[in-house]
Amino acid sequence: MSTRSWSGLAVQCVDLGYRAEAVQLGEACVEYGRHLDNPRAVAYYEATLANAAAQDDDRRMATKHLALSETAIGKPTASAGNSWAAHYSPGRWAHESGMSVSRFGDLDAAEEHLHLHLALDIHSLDRRRIRAIVLANLGGVRLRQGDVDGAMATWSEFLDCADGIRSVKVRAALQDMRVRLRRYSGVPEAQELQERGARFVT
C-alpha cells in the first residue's frame with residue numbers, strides 16, 4: 001500500500017471516529033515523510049497526523065505536528081507543480097489547521113486560520129465549493145465564540161456561495177448549520193437562514 005493510501009485511510013478514520021487507527025496511520029506517513037525532499041507532501045503528512053491527534057484529544061502531539069506542517073508548507077519548492085501534493089496549498093493547510101485547533105477550544109486561533117484561507121487565492125476548479133465549506137466552518141466557530149451576529153452573517157455568505165453546488169461536504173455543512181440554528185428560532189436572521197437552507201434540500 002502506498003503512503004498516499006495510508007494518508008487517505010487516516011483521513012477516513014478521522015471522519016469515522018477511529019481515533020487510534022488514524023493516529024497510527026498518520027505516524028506511518030510522517031515517518032515516511034522524513035526521507036522526502038517534498039515540502040508539500042511533508043506538510044500534508046504532518047497535518048494529517050496533527051488532525052488525527054486532535055481528534056484523539058492529544059493536544060501535545062497535535063500542536064507539535066501542526067508546527068511541523070506549518071514549517072513545511074512555508075518552504076519553497078521548485079517541483080511543486082509536478083508533485084502529487086501540489087494541491088496541498090497554504091490555503092488548504094490554513095483550513096485544516098484551523099479546524100484542528102478548534103477541537104481544543106482555541107476559537108480565536110481557529111478563526112484566524114480560517115480567515116487566512118479565505119484571504120488566500122484558491123487555484124482550483126472547485127474554488128466555490130472550498131470557499132463555501134470554509135465559510136460554513138467559520139460560522140460555526142463564531143457561534144461558539146458567542147458572536148451570534150457574526151455567525152449569521154457568515155452563514156449567509158456560505159449560502160450565497162453554496163448556491164448551485166452539489167457536494168456531500170456542503171450538504172453536511174448545511175445540515176450542521178440548520179441544527180445549530182434551532183436554538184435561535186426566535187431570531188429573525190436565524191429563521192431566514194433556516195428558510196434559505198430548506199430550499200437547498202427540496
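**Entry 1: a glycine in a loop.** I started at G164, which sits in the loop between α8 and α9. For helices I used DSSP runs (H or I, at least four residues; strands are E, at least two), numbered from the N terminus. G164 follows α8 and has a positive phi, near 90 degrees. I looked up its accessibility too: G164 is exposed, at 70% relative accessible area. My scale calls a residue buried under 20% relative accessible area, exposed over 50% and partly exposed in between, with a 1.4 Å probe and protein chains only.

**Entry 2: ground rules.** This is a predicted model, so I note that local features need pLDDT of at least 70 and side-chain atom pairs count only at pLDDT 80 or more, while totals for chains, interfaces and linings use all residues. Residues are numbered from 1 along each chain as its sequence is written, and side-chain values use heavy atoms, with hydrogens and water left out. The predictor's confidence in each residue is its pLDDT, from 0 to 100. Its mean over the protein is 82, and 83% of the residues reach 70 or more. Confidence is lowest in helix α1 (residues 3-16), with a mean of 64, and highest in α8, with 93.

**Entry 3: the overall build.** I found 10 helices and 0 strands. Of the 202 residues, 45% count as buried. For contacts I took heavy atoms within 4.5 Å. Among contacts with a separation of 6 or more, 56% join residues 24 or more positions apart. The protein exposes about 11,000 Å², and carbon and sulfur atoms supply 49% of that. Those areas come from the Shrake-Rupley method with a 1.4 Å probe; for residues, only the protein chains shown count as cover.

**Entry 4: helix α8.** Does the length of α8 agree with its residue count, or disagree? I checked residues 148-162: at 1.5 Å a residue, these 15 residues should span 21 Å, and the end C-alpha atoms are 21 Å apart, which agrees. The expected span is 1.5 Å times one less than the number of residues. Next I listed buried residues in α8, among them G150, A151, M152, T154 and W155. Also buried in this helix are F158, L159, C161 and A162. What do the buried residues of α8 pack against? They pack against α7 (127-144), α9 (168-181) and α10 (188-200).

**Entry 5: an arginine in α7.** R142 lies in helix α7. I have R142 down as buried, since its relative accessible area is 14%. Leaving out residues up to four places away in sequence, R142 touches E111, H115, D147, G150, A151 and T154.

**Entry 6: salt bridges.** How many salt bridges does the structure hold? I counted 5, taking a side-chain nitrogen of Lys or Arg within 4 Å of a carboxyl oxygen of Asp or Glu. A reminder to myself: side chains of opposite charge can pair when their charged atoms come close.

- R196 and D160 meet in a salt bridge, 2.6 Å from N to O. This pair links distant parts of the chain, with R196 in helix α10 and D160 in helix α8, 36 residues apart. R196 counts as buried, at 15% relative accessibility.
- R92 bridges to E96, with the closest N and O atoms 3.1 Å apart. The two are separated by about one helical turn because they are 4 residues apart in helix α5 (residues 90-102). R92 is partly exposed at 29%, and E96 is partly exposed at 24%.
- D176 and R180 form another salt bridge, 2.8 Å from N to O. Both lie in helix α9, 4 residues apart, about one turn of the helix. D176 is partly exposed at 35%, and R180 is partly exposed at 31%.

I jotted the general point beside the helix pairs: an α-helix has 3.6 residues a turn, so residues three or four places apart point the same way.

**Entry 7: cysteines.** Last, I looked for disulfides, meaning a pair of cysteine sulfur atoms within 2.5 Å, and the structure holds 0. C29 is buried, with 0% relative accessible area. C161 is buried as well, at 12%.
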